[in-house]
Amino acid sequence: MTTPSKDTPLASLPLFADIDDNTEADNPQHASLEHPARAVPPTHLKLASPPTPPKLRKPPALAPSPPRPANSHPADLDWALVAAFRNRVSNQLSEAVQARDTMSADAQRELGRSIIAELLHTTAQDDLNTGRTTWSLQEQQHMAEAIFNAVFGLGRLQPLVDADHVENIEIMGNETTLLEDTEGNLHEGPPVAETDDELIDFLAFLASHSEANERSFSEAQPRLHMRLDGGARLAASAWTTPRPVVMIRRHRLRDISLSDLVDRDALSPVAASFLTAAIKAKKTVVVAGPQNAGKTTMVRALCGELDPWERIGTFETEYELGLHEMPHRHRRIIPWEARPGSGERGLDGRAAGEITVDDLLYDSFRFNLQRYIIGEIRGREILALIKAVQSGEGSISTTHAANARSAVDKLVTCALEAGPHITEAYATRAVTEHIDLVVQLNLELQPGQSDRSARRTRYVSEIYAVEPGENGRGGTHIFRPSPSTGRAVPHVLPDPYRSLERFGFRLDDFNRDIHQ
């Protein structure tokens, strides 16, 4: 790939000025930006007369490119050159930021655009002096866009994450990319790196430049979990796998309510009225289900039933719920995010600087929270949560489980992970006395016309009231799976839950549906 000419005025670069409407007609090499792969490097580029030395002006905002299909990313770019530019821009930007007391993210992006333009201009001068071939205007634009995405975005992953129809991105090595759409169908995607080493290098760069929570990705820290801009979640692993692997989960449904889920046929109106009343009554609810069943979406919908002025805290390993990004729904919210730590582990087995969800929960007890929202219960943080709800405050959280009863067993196991001082009897009593409801979700895949096509359906299959039993673990299916559809249908309502009628629970509809 070639570079822009030295004598090309900075203002004529498409990154900083509009291309003349007649450019394509005058020069067929200026192909449409929607089809960058068609661009052909010109044998020569007609240059304007050298202007007086241009005064570097503040560039206008870089308009985001319209979302392109996943297979239309400019494959002819020299990605090794993009990576080299990325490092140079990053270094210059870091020096500039360190030289100032403060600089907002928007200001850093504007400065980054200026640095990119200056580097391209300097490179163009060098190429012209050595007689190398130059880029077309749209090739210049693609290079500028690629460098900007590499520094401030996701590089070659950016157009995939921006595609509305893509829900999950699976990467196995540098050349294998699979895109899972909203229906569950798999599609081949473009390579995201030239080599495995380049992919690992980019992931390490992405982790170390995270605006919210800088992380490490190296042989000493071979796993990476982080939140991306827009709420997507990235998980990566290398060195412990034959080749680097990456999984990106995108959440399409962010500002959602239980009534929206009813419209999507994820649960019945009477089930929605029961859950709305349970949330208003400050019941502690655990949302359970397999991976990709929609647990995070259900938690957002349940939180949508909270009073906007209720003081809540969210506790996550990586920000994913995004409740603090919806001020119209939640006016008093404190979002906490765990920190993985780095370096050698101490005598307590923890890496330097590590802050766990368990730590965050204990720290939150002085913040007068009225509700605790836990992204996922994975271990001993269940005990901190139980201590919080002992004061009468409700909570909402998630865990992985195949069914509602298994979810209760899973929570007991998590409590036992706190150490040998926790007995099974204590863990069972703590869970069954302080967790009120389990909302079980199901993910159903109906095969399509090929092995890679499917129809994906998510729905509530159980609403289970947790109660102490004769063996310490008991419960009642308020809504049980329908024998014909698997969806949650009314079954038995324990007497304590009849009081939910004053919070809006449609008890008459529940009783009517039992007898249908």
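Q: Which residues touch the most other members in the largest nonpolar core?
A: Phe274, Leu302, Leu437, Ile478, Phe479 and Phe505, out of 45 residues in that core. A nonpolar core here is a set of buried Ala, Val, Leu, Ile, Met, Phe, Trp, Tyr and Cys residues joined through side-chain atoms within 4.5 Å. Buried means under 20% relative accessible area, exposed means over 50%, and partly exposed is in between (1.4 Å probe, protein chains only).

Q: Which elements supply at least two residues of this core each?
A: The helices are α7 (258-263), α8 (269-280), α9 (295-303) and α14 (507-514). The strands are β7 (285-289), β14 (437-447), β15 (454-467) and β16 (474-481). Helices (H or I, at least four residues) and strands (E, at least two) are DSSP runs, numbered from the N terminus.

Q: Where does the largest share come from?
A: From α8, with eight residues of this core.

Q: What is the model, and how are things counted?
A: It is a predicted model: local features need pLDDT of at least 70, side-chain atom pairs count only at pLDDT 80 or more, and totals for chains, interfaces and linings use all residues. Residues are numbered from 1 along each chain as its sequence is written, and side-chain values use heavy atoms, with hydrogens and water left out.

Q: What other core lies apart from it?
A: One of 37 residues, including Ile374, Leu385, Ile386 and Ile435.

Q: Leu385 and Ile386 are in α11, I see. Which residues of α11 are buried?
A: Glu381, Ile382, Leu383, Ala384, Leu385, Ile386, Ala388 and Val389. That is eight of the nine residues of α11 (residues 381-389), so the helix is largely enclosed by the rest of the structure.

Q: New topic. How many cavities of 30 Å³ or more does a search find?
A: Four, over the whole structure. On a 1 Å grid over the protein atoms alone, a cavity is a set of points where a 1.4 Å probe fits but cannot get out, and lining residues have an atom within 4 Å of a point. Points are joined across faces, edges and corners, and a volume is the space filled by probe spheres set on them.

Q: How much space lies in the largest cavity?
A: About 190 Å³. It is lined by 16 residues, with Arg86, Arg156, Val192, Glu198 and Phe202 nearest its centre. The helices α2 (79-98), α4 (137-152) and α6 (196-208) each supply at least two lining residues.

Q: Arg156 again: which residue has it among its contacts?
A: Glu194, which also contacts Trp79 and Asn174, leaving aside neighbours within four places in sequence. Glu194 lies in the loop between β3 (186-188) and α6. At 46% relative accessibility, Glu194 counts as partly exposed. Its C-alpha is 6.1 Å from that of Asn174, 20 residues apart in sequence.

Q: Is Glu318 buried or exposed?
A: Buried, with a relative accessible area of 8%. Glu318 sits in the loop between β8 (311-316) and β9 (332-337). Not counting residues up to four places away in sequence, Glu318 touches Arg215, His225, Met226, Arg227, Arg233 and Glu337.

Q: What about Ala207: buried or exposed?
A: Buried, at 0% relative accessibility. Ala207 is in helix α6. Beyond its neighbours within four places in sequence, Ala207 contacts Glu214, Arg215, Phe217, Leu224 and Met226.

Technical notes: Contact means heavy atoms within 4.5 Å. On a 1 Å grid over the protein atoms alone, a cavity is a set of points where a 1.4 Å probe fits but cannot get out, and a pocket is an open set with protein on both sides within 12 Å along at least five of seven lines; lining residues have an atom within 4 Å of a point.
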